[in-house]
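Please open the model in your viewer and keep the selection panel at hand. The stops below say what to select next and what is to be found there.

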Amino acid sequence: MKPKVYVTRKIPEVGIELLKKFCDVDYRDEVPPPSREELLDAVEDVDAIYCTLNEKIDEEVMDKAGKLKVIGTMSVGVDHIDVDHATSKGIYVVHTPGVLTETVADHAWALLLATARRIVEADRSIRNGEWKIPWAPTMLLGYDVYGKTLGVIGIGRIGSAVARRAKGFNMKVLYYDIVRREDLEKELGIKYAELDELLRESDFVTLHVPLTPETKGLIKERELKLMKRTAILVNTSRGAVVDQKALTRALQEGWIAGAGLDVFEKEPISVDDPLLKLDNVVLTPHIGSASHDTRNKMAEYVAEGIIKVLKGEKPDNLFNPDVIKVRSLDEVKMI
Ligand code: GLV
């Protein structure tokens, strides 16, 4: 019998085609995520769940899915999955590291440049008929990027890719991480700084940490007040890494100059949220990895990971390798 996979929502076709070669696919071909009830109903007799970052895969879901062997998420972040519980139950978790790195790094830079040079505000001013004077010495002044200091918080794959791009802008790069990376300091010409020092010295601060209990609220009032009044914050990681209320005040009261944000504490952000009233913020709706190529690669990579586990092989995108000690690959092999 073929393994049964529940795919929670519409994904690029390549992922579905690959799954169908080896599995019975229960494909919920809809853009919005399933309701909690729908999710709980659908997982009862599945061997694998193919989900996205919007579905909370917690104890309740895993306990309901008695035959579950593998969870594949079309995201690099796994904060929506109770990974410890999965591991304790012998459930493999696969995700999408690596394939989205450069695309997210491009997006962080797009936000950085757009915020520094007020691109969205300028575009809006033309559309609103506000461009009356052909050129003015003081019109829409922004901040230079070239030659400034970039502070990267979290120097994993994406943080490193962002830092690498800074060379072209002749920037000094500081980084902070819980693990000091002397290899990267040499390779990328970057310098380690304690968090407070990085915040005080950087003209641009960009966040690339996973959301964990340790990073939740990492940037709050105290940290925002340490930043330069001319500094810009970029967040393409997870909204909850920043205290959004404090950030809103920082932007309203000029503790910092601007922010480029792809992620929010609650997504979608409410249209009434005060952040939407501010001109010094550039907002995008969690599209860091949203390029045609990358989303296709992500869709395929998750499918490959799920199939590998069900073939009894170790996938290179396995997030919880300790799971093998709890339930061996031979025990989950079905294909
Ligand atoms: C997106 O936020 C991801 O985790 O891939």
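A pocket, as the word is used on this tour, is an open set of grid points with protein on both sides within 12 Å along at least five of seven lines, and its volume is the space filled by probe spheres set on the points. Please bear in mind throughout that this is a predicted model.

**Stop 1: the two domains.** Begin by colouring residues 4-99 together with 292-332 as domain 1, and residues 101-283 as domain 2, which is how the domain assignment divides the protein. The C-alpha centres of these two domains lie 32 Å apart, and where they meet, 7 residues of domain 1 are in contact with 5 residues of domain 2.

**Stop 2: the second largest pocket.** Next select L53, D79, R238, E265 and E267, which, among the 16 residues that line the second largest pocket, lie nearest its centre. The volume of this pocket is about 360 Å³, and its lining is made up of 7 charged, 5 nonpolar and 4 polar residues.

**Stop 3: the ligand.** Now show the ligand with the residues around it, namely L53, S75, V76, G77, L100, R238 and H286; by class, this shell has 3 nonpolar, 3 polar and 1 charged residues. Of the 190 Å² of accessible area that the ligand has on its own, the protein covers 89%.

**Stop 4: the cavity.** Finally, select N235, G239, V242, Q244, L247, L261, V263 and F264, which line the largest cavity. The structure holds 1 cavity of 30 Å³ or more, and the volume of the largest cavity is about 30 Å³. Its lining consists of 5 nonpolar and 3 polar residues, with no charged residues.

How values were computed
Residues numbered from 1 in each chain as written. Predicted model: local features only at pLDDT ≥ 70, side-chain atom pairs only at ≥ 80, totals over all residues. Heavy atoms only, no water. 1 Å grid on protein atoms, 1.4 Å probe; cavity = no way out; pocket = protein on both sides within 12 Å on 5 of 7 lines; lining within 4 Å. Nonpolar A, V, L, I, M, F, W, Y, C, P; charged D, E, K, R; others polar. Near = heavy atom within 4 Å. Areas by Shrake-Rupley, 256 points an atom, 1.4 Å probe, with all protein chains shown as cover. Domains from an automatic or database assignment. Contact = heavy atoms within 4.5 Å.
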